[in-house]
Amino acid sequence: AQSVAQPEDQVNVAEGNPLTVKCTYSVSGNPYLFWYVQYPNRGLQFLLKYITGDNLVKGSYGFEAEFNKSQTSFHLKKPSALVSDSALYFCAVRPHTGGFKTIFGAGTRLFVKA
Amino acid sequence: DSGVTQTPKHLITATGQRVTLRCSPRSGDLSVYWYQQSLDQGLQFLIQYYNGEERAKGNILERFSAQQFPDLHSELNLSSLELGDSALYFCASSGGGQGPYEQYFGPGTRLTVT
């Protein structure tokens, strides 16, 4: 079965430190990969996506993500965390074939402490 | 502002009732997606429409139905409501169907079933 795993329910990091939010997936072929962020009482916002090519993808608000094909991972990173980055982060995967479905992970809550 | 609008913002109703949630996609977007977000189940994909046709189905209950109209707006109908249906319902849209299209989420409709 196709799935997306975000192994950490919560990530805690101090402001100014680098952050990583992990995502691994189990999908056949080479899927499209996405990260979304959700602030309280808001809908999800698109951060970045991987289609093909360079394994390091840059997105909004200084975030980037690293695609690793051998480990089927797509970890979200930021060199220096801000308190305002505190939110719920979702990894999502869309297979190239087999339908239109996007599979979302369970979400990881990021807490950045001042 | 994502450009996706959802009405109403809040809905309080009783068990056994029926409600309709409405979504207008971003201008030019052909795909509409519906999601349910609850505290214990995370973000659950319900259904997707592309240019008026159903294209993907997720964990949508038989009591729920949806459609996309010729003007591309979409409605999600929830009937015989149960307490467990209380959740945030999100609509999202994207430019295309199957492909590396990110989704743009509306602000959501918070449904409370009493």
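Me: Where is A:Pro7 in chain A?
Reply: A:Pro7 sits in the loop between β1 (3-5) and β2 (10-14) of chain A. Keep in mind that this is a predicted model.

Me: Why is A:Pro7 called exposed?
Reply: The cut-off for exposed is over 50% relative accessible area. A:Pro7 comes out at 57%, so A:Pro7 counts as exposed. As for distance, the C-alpha atoms of A:Pro7 and A:Gly29 are separated by 22 Å, and the two residues are 22 residues apart along the chain.

Me: Is A:Thr72 buried, exposed or partly exposed, and how do you know?
Reply: Buried needs a value under 20%, exposed needs one over 50%, and partly exposed covers what is in between. A:Thr72 has a relative accessible area of 29%, so A:Thr72 is partly exposed.

Me: What about B:Asn51?
Reply: B:Asn51 has a positive phi too, about 50 degrees, though B:Asn51 is not a glycine. This residue lies in the loop between β5 and β6 of chain B. With a relative accessible area of 48%, B:Asn51 is partly exposed, because the label exposed would take over 50%.

Me: On to the disulfides. How many are there over all chains?
Reply: A search of the whole structure turns up 2.

Me: How do you know that A:Cys23 and A:Cys91 form a disulfide?
Reply: The two sulfur atoms have to be within 2.5 Å. For A:Cys23 and A:Cys91 the S to S distance is 2.0 Å, and a disulfide joins them.

Me: Why is the disulfide of A:Cys23 and A:Cys91 called left-handed?
Reply: The torsion about the S-S bond is about -65 degrees, so this disulfide is left-handed. A:Cys23 lies in the loop between β3 (19-21) and β4 (24-26) of chain A, while A:Cys91 is in strand β10 (residues 87-94), so the pair ties together parts that are 68 residues apart in sequence.

Me: What makes A:Cys23 and A:Cys91 buried?
Reply: The cut-off is under 20%. A:Cys23 has a relative accessible area of 0%, so A:Cys23 is buried. A:Cys91 has 0% as well, so A:Cys91 is buried too.

Me: And how do you know that B:Cys23 and B:Cys91 are joined?
Reply: Their S to S distance is 1.8 Å, and the limit is 2.5 Å. The link of B:Cys23 and B:Cys91 is left-handed, with -50 degrees about the S-S bond. B:Cys23 lies in strand β3 (residues 19-24) of chain B and B:Cys91 in strand β9 (residues 87-94) of chain B, so this pair ties together parts that are 68 residues apart in sequence. B:Cys23 is buried, at 0% relative accessible area, and B:Cys91 counts as buried at 0% too.

Me: Now for the place where the chains meet. How many residues are in contact?
Reply: 22 residues of chain B are in contact with 22 residues of chain A. Between them the chains bury about 1800 Å², 56% of it on carbon and sulfur atoms.

Me: What makes A:Lys49 and B:Glu102 a salt bridge?
Reply: The nitrogen and the carboxyl oxygen have to be within 4 Å. For the side chains of A:Lys49 and B:Glu102 the N to O distance is 2.6 Å, and they meet in a salt bridge. On the side of chain B that touches chain A, β4 (31-38), β5 (42-50) and β6 (53-57) of chain B each supply at least two residues. The residues of that side divide into 10 nonpolar, 8 polar and 4 charged.

Me: Why is B:Gln103 called buried?
Reply: B:Gln103 has a relative accessible area of 1%, so B:Gln103 is buried, the cut-off being under 20%. B:Gln103 lies in the loop between β9 and β10 (104-105) of chain B. Its contacts include A:Tyr36, A:Phe46 and B:Tyr33.

Me: How do you know that B:Gln103 and A:Thr102 make a polar contact?
Reply: The limit for such a pair of atoms is 3.5 Å. The side chains of B:Gln103 and A:Thr102 are joined by a polar contact of 3.2 Å.

Conventions. Residues numbered from 1 in each chain as written. Chains lettered and ligands numbered in written order. Predicted model: local features only at pLDDT ≥ 70, side-chain atom pairs only at ≥ 80, totals over all residues. Heavy atoms only, no water. Contact = heavy atoms within 4.5 Å. Buried area = accessible area lost by both parts, 1.4 Å probe. Helix = DSSP H or I, 4+ residues; strand = E, 2+ residues; numbered from the N terminus. Nonpolar A, V, L, I, M, F, W, Y, C, P; charged D, E, K, R; others polar. Buried < 20%, exposed > 50% of the residue type's maximum accessible area, 1.4 Å probe, protein only. Polar contact = N/O pair within 3.5 Å; in protein donor to acceptor, adjacent residues only side chain to side chain. Lists of a residue's contacts leave out its neighbours within four places in sequence.
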